[in-house]
Structure formats: structure tokens, C-alpha cells
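Me: I would like to learn how to read a fold from its coordinates, going from strands to cores to rings. Could you take me through one example slowly?

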Amino acid sequence: MNISFAPLAKVSPVHGYYSQACSDIEFMPSRSTHELLRGGRMLARMLNGELHLLYEAESPGVPLSSLAGQTLHFGLRLANPVFSNITMPVVTDTTLTPLYANATLPATLDAPQGVELTAGLYGLAPKLASRPVTLRLLDAHANILETRQLAEAATSYDTRGLAPGEYRIEEDYGAGLLHARKLFVDASLRDTGVWGLLALRIDAAFYTNAANFTLNFAVRKETLRYYVVARNWQPDEFNQLNIVDEGFSAEGRDEITFTRLVAPFPDGFIKDSLLGDSSVQIAVFQSQTEVARKERGLRKLHLSRNSTVLIEHLPLPGPERAKADFIVHLSKP
């Protein structure tokens, strides 16, 4: 007996930091999704950083067991511990868990939304102090599952009887004042400490035309600062120091220009007292625009004295660095 598998969907992380594939995300199916995959005669495999979903086909385009209309849940676990150093936040409230879903169009992922990943007892302290407040628990289809009036400061919900997936709690204070919070209930994913979530609804069309989804991550941009600490330099020589970007044309990017600042430095800068004693001169060269981090860095960012290049390639922040601040020491005998 021949067993044939065909592609159903692919999910590809794409990151502006990398010149090629991004392998920073691992896809972990939830416990309930494991069971769905087994019942639907499907496989979930990782290849080159991508999630591939395959179905066992009875004939071309005809699944042996269809999961059309079902939703698969995956946890997104970070394989890169310094992911946040190279990535812009994907949701405004960074205390929430990003959830990606194809809720609007079957073959396209919506922009991520922040949810609270929970299971068991979920404690709720309403956003406003006004009481009483009407609380409504709704499922992913906006069906009201429970309504309660709350006069106390806080309450809790027992989510153990809820099927894994998306929910919403509305806090209704009357007079049109409404606050909503989004929940994602799944004990198997909560307990593994995932960074994000993927809810993928299987459309019947995927069996004849495999879907290609993209998780887009914007690269982190920040201001470059070079603290130049010069010992035994004459003031007129020190004032001739500058940073010149001579690589922008060859690399096809915008030129980076710098502003020169002298001590005392504003809040947020390294204190000049920590950089040296009174025998040194200190200047900060700060980029006038934010610069995107790149896996391969930048070439020919020079520290020069007039037209003489002192340092041909200034350092740039690697993924392990949280800030783009560098100290450059120059010394003469």
C-alpha cells in the first residue's frame, strides 16, 4: 500500500535582520492540535525555519481525512535568546502574548494582536474602579457564554471547562463605556513558556491549493552612539575628528550622518565621569537618524581626522548587544 502526502500549508518567518531564512522561531503544536493532526492524517514538520503541514492524500487534492473548518494551535518558541535585541515589538503592550491568526482572509495572516495566555483559574481585576460592572465572557464567534454582575474589587474565571482557543471578556460600565480583554486558553502552551501563538484555520481550498503564510518581523532600529575618548590629544587635533560613511553608495542604502556632542551629556547617555578623568577629551558622535540592525553589519563607517582614516570599520551592535553605544579609545604617547 502506497502512502502519499501532499502540502497543505507552509508558515515562513521573515525577518529584516537576516539576508536569508530566519530560524529564530520554533512551532510547537498544542496538545489538542496533536490530536487533530493525528485524526486528520496530517504531519507538521520544521524545515529551514519553516513550518510545513502535510496531509495524507487519497488522490491528488483529496484528503484521506479532511480538517476543513478546524483550527490548529501552535506555540511560537524563541530559538534565539536575543530575539528582542534585533526585533521591533510586534504588539503595543509587550506584557501580552502576540497571536497570529488567519481570521479575516483564509490564506493571509492578520496583524498580530495581544492576548493573555491563560489556563485554570483566571483572576480578573476590572480596569476601572466603578461598580457594579457587568462582565461578559464570549467565545471566538462572539457568542456570550456567561454574564455576571460584579460589585467586588476582583473576581476569577475557571477556564478548565473551556475548549482551547480564543475568548474575550467585556467589562461594561454602562453609558457606552466598555473595556475588552482578549484571552487565549490552553494549558499545554501556557506551561511551556511560549513567546507567541499561531491559530491557523484550515480552509477546504488548502487541499487543492496549498497556502503560504508569512510571519513578518520588523528589524529593530536605533540611534548609533560612538563615545570617542582621546588621551594626550591636542584640542585642535581632537576637534578635527569626525565619522564618515563611505559605504552607503556601494551597499545601496541611505547615508548615515552624525552629530557631534560634547560633555556634559544628556540623560540616557553614559556619564562623562565614567569614561575617563580630567586628562581625556570626550565627544559623542550620534547618528541623526535611527539605523536598522543588519546581520552583516555596515562597511566603511570610518572614524577619521580630517581626511585621514583612523578606524576603517567602526563596530556595530551585534545581536547580543541591547544598546548601540560604543566607546572608542584614542591615545597618544
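Me: How many bridges join strand 8 to strand 14, and do the two run parallel or antiparallel?

Reply: In general, strands of a sheet pair through backbone hydrogen bonds, either parallel or antiparallel. Before the case itself, note that this is a predicted model, in which local features need pLDDT of at least 70 and side-chain atom pairs count only at pLDDT 80 or more, while totals for chains, interfaces and linings use all residues. Residues are numbered from 1 along each chain as its sequence is written, and side-chain values use heavy atoms, with hydrogens and water left out. Helices (H or I, at least four residues) and strands (E, at least two) are DSSP runs numbered from the N terminus, and two strands pair if DSSP finds at least two bridges between them. Here strand 8 (residues 113–118) and strand 14 (residues 177–185) run parallel and are joined by 3 bridges. Leu117 stands opposite Phe184 of strand 14, and the bridge partner of Thr118 in strand 14 is Val185.

Me: In what order do the strands of the open sheet follow one another?

Reply: The open sheet is formed by 9 strands in the order 2-6-15-7-8-14-13-10-11, with mixed pairing. Strand 2 and strand 11 (144–150) stand at the edges, each with a single partner strand, so one side of each is left without a neighbour in the sheet. From one strand to the next the twist averages 35°, where axes are lines fitted to C-alpha atoms, for helices over the stretch in contact, and angles run from 0 to 180 degrees between N-to-C directions. Helix 1 (residues 31–39) lies across strand 2 and strand 6, running at about 130° to strand 6.

Me: How many residues does the largest nonpolar core have, and which have the most contacts inside it?

Reply: In soluble globular proteins, nonpolar side chains tend to be buried together. A nonpolar core is a set of buried Ala, Val, Leu, Ile, Met, Phe, Trp, Tyr and Cys residues joined through side-chain atoms within 4.5 Å, and buried means under 20% relative accessible area, with exposed over 50% and partly exposed in between (1.4 Å probe, protein chains only). The largest core has 28 residues, and those with the most contacts inside it are Phe27, Met42, Leu53 and Leu198. The elements giving two or more residues to this core include strand 1 (5–15), strand 4 (50–59) and strand 16 (211–217). Apart from this core lies another of 21 residues, among them Tyr226, Ile243, Val291 and Leu314. With contact taken as heavy atoms within 4.5 Å, and residues up to four places away in sequence not counted, Phe27 touches residues including Val11, Met46, Phe74 and Leu215.

Me: How many aromatic pairs does a search of the whole structure find?

Reply: Rings of Phe, Tyr and Trp (its six-membered ring) pair if their centres lie within 6.5 Å; planes under 30 degrees apart count as stacked, over 60 as edge-to-face and the rest as tilted. The search finds 12 aromatic pairs. The rings of Phe83 and Phe217 have centres 5.3 Å apart and planes at 90°, so this pair is edge-to-face. Since Phe83 lies in helix 2 (residues 83–86) and Phe217 in strand 16, the pair ties together parts that are 134 residues apart in sequence. Both Phe83 and Phe217 are buried, and Phe83, Tyr100, Trp195 and Phe217 form one aromatic cluster.
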